[in-house]
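User: I'd like to go through this model piece by piece. Start with whatever term you need to talk about accessibility.

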Amino acid sequence: MNEKAAHVPERIKELREILDISALDMAKDIDIPYETYNKYETGDLDIPISVLYTIATRLGTDVTVLLTGEEARMDSAAVCRKGKGVMIERFPGYEFSSLAYNFKHRTIEPLLVKLDSSKPPAALVSHSGQEFNFVIDGQVKIVVAKSEHILSPGDTIYFDARLPHGQSAVNGTAQFLTIIQE
């Protein structure tokens, strides 16, 4: 995890305290057990990316603030050079790179995701909105509800993100672009 992302739990706690929201109320507001929320905030448990969006919404801020400590600045166009996205590893073998972190008022979140099949797959997640995945390299097994799909480079899938879903690499490493609309 990069230096900026390592401070995500601290930023969440600081913003929550500035807004005078107790940790118990925050957990209730985002519908997470207090014990789990507390582990997110202390850094004892990795925060799923979907939960980061929920927390950012509750705190009235952009997820960029949680990831980088800075406000998004661009409002007409934001360029992200190769390898320069904001990296965050939330699960072993599941690395996200935010590709539009510096664009204000995003309505979608494009992420480059790298997977490693030598690591155990992350638990299925669900979140509001819809999701689009485009496989760039390797093979990706995508589970949506009770269906499994093996996708190869150039293959895509679009689905209702409220359904439990997850991705894992098949035999080695894989990379895909995901676009999440919350």
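Analyst: Exposed means over 50% relative accessible area, buried means under 20%, and partly exposed lies in between (1.4 Å probe, protein chains only). At 70% relative accessibility, aspartate 20 therefore counts as exposed. This is a predicted model, in which local features need pLDDT of at least 70 and side-chain atom pairs count only at pLDDT 80 or more, while totals for chains, interfaces and linings use all residues. Residues are numbered from 1 along each chain as its sequence is written, and side-chain values use heavy atoms, with hydrogens and water left out.

User: Where does aspartate 20 lie?

Analyst: Aspartate 20 is in the loop between H2 and H3. Helices (H or I, at least four residues) and strands (E, at least two) are DSSP runs, numbered from the N terminus. Aspartate 20 is not a glycine, yet its phi is positive, about 55 degrees.

User: Which strand holds asparagine 171, another one on my list?

Analyst: Asparagine 171 sits in strand E7. Its phi is also positive, near 55 degrees, in a residue other than glycine. With a relative accessible area of 73%, asparagine 171 is exposed.

User: New topic. Which residues have the most contacts inside the largest nonpolar core?

Analyst: Ile12, Tyr37, Ile47, Leu52 and Ile55, in a core of 39 residues. A nonpolar core is a set of buried Ala, Val, Leu, Ile, Met, Phe, Trp, Tyr and Cys residues joined through side-chain atoms within 4.5 Å. Helix H5 (residues 49-58) gives the most to this core, namely 6 residues. As a general point, nonpolar side chains in soluble globular proteins tend to be buried together.

User: What about H4, which of its residues are buried?

Analyst: In helix H4 (residues 34-42) they are Tyr37, Tyr40 and Glu41. These residues are on the same side of H4 because they cover an arc of only 95 degrees around the axis; the arc is that of the directions from the helix axis to the C-beta atoms. In general, an α-helix has 3.6 residues a turn, so residues three or four places apart point the same way.

User: What do the buried residues of H4 pack against?

Analyst: They pack against helix H2 (8-18), helix H3 (23-29) and H5, where contact means heavy atoms within 4.5 Å. Just after H4, glycine 43 has a positive phi of about 85 degrees.

User: OK, H5 again. Is tyrosine 53 buried or exposed?

Analyst: Tyrosine 53, in helix H5, counts as buried because its relative accessibility is 10%. Apart from neighbours within four places in sequence, tyrosine 53 is in contact with Val63, Glu109, Leu111 and Glu182.

User: How many residues of E2 are buried?

Analyst: 4 of its 5 residues, so E2 is mostly covered. Serine 97, in strand E2 (residues 94-98), is buried at a relative accessible area of 6%. E2 runs antiparallel to strand E3 (residues 109-116), with 5 bridges between the two; strands pair if DSSP finds at least two bridges between them. Tyrosine 94 has leucine 115 in E3 as its bridge partner.

User: Last one: what joins E4 to E5?

Analyst: Strands E4 (residues 130-144) and E5 (residues 147-151) run antiparallel and are joined by 5 bridges. They form a hairpin with 2 residues between them, and alanine 145 in the turn has a positive phi of about 60 degrees. Valine 144 stands opposite serine 147 in E5.
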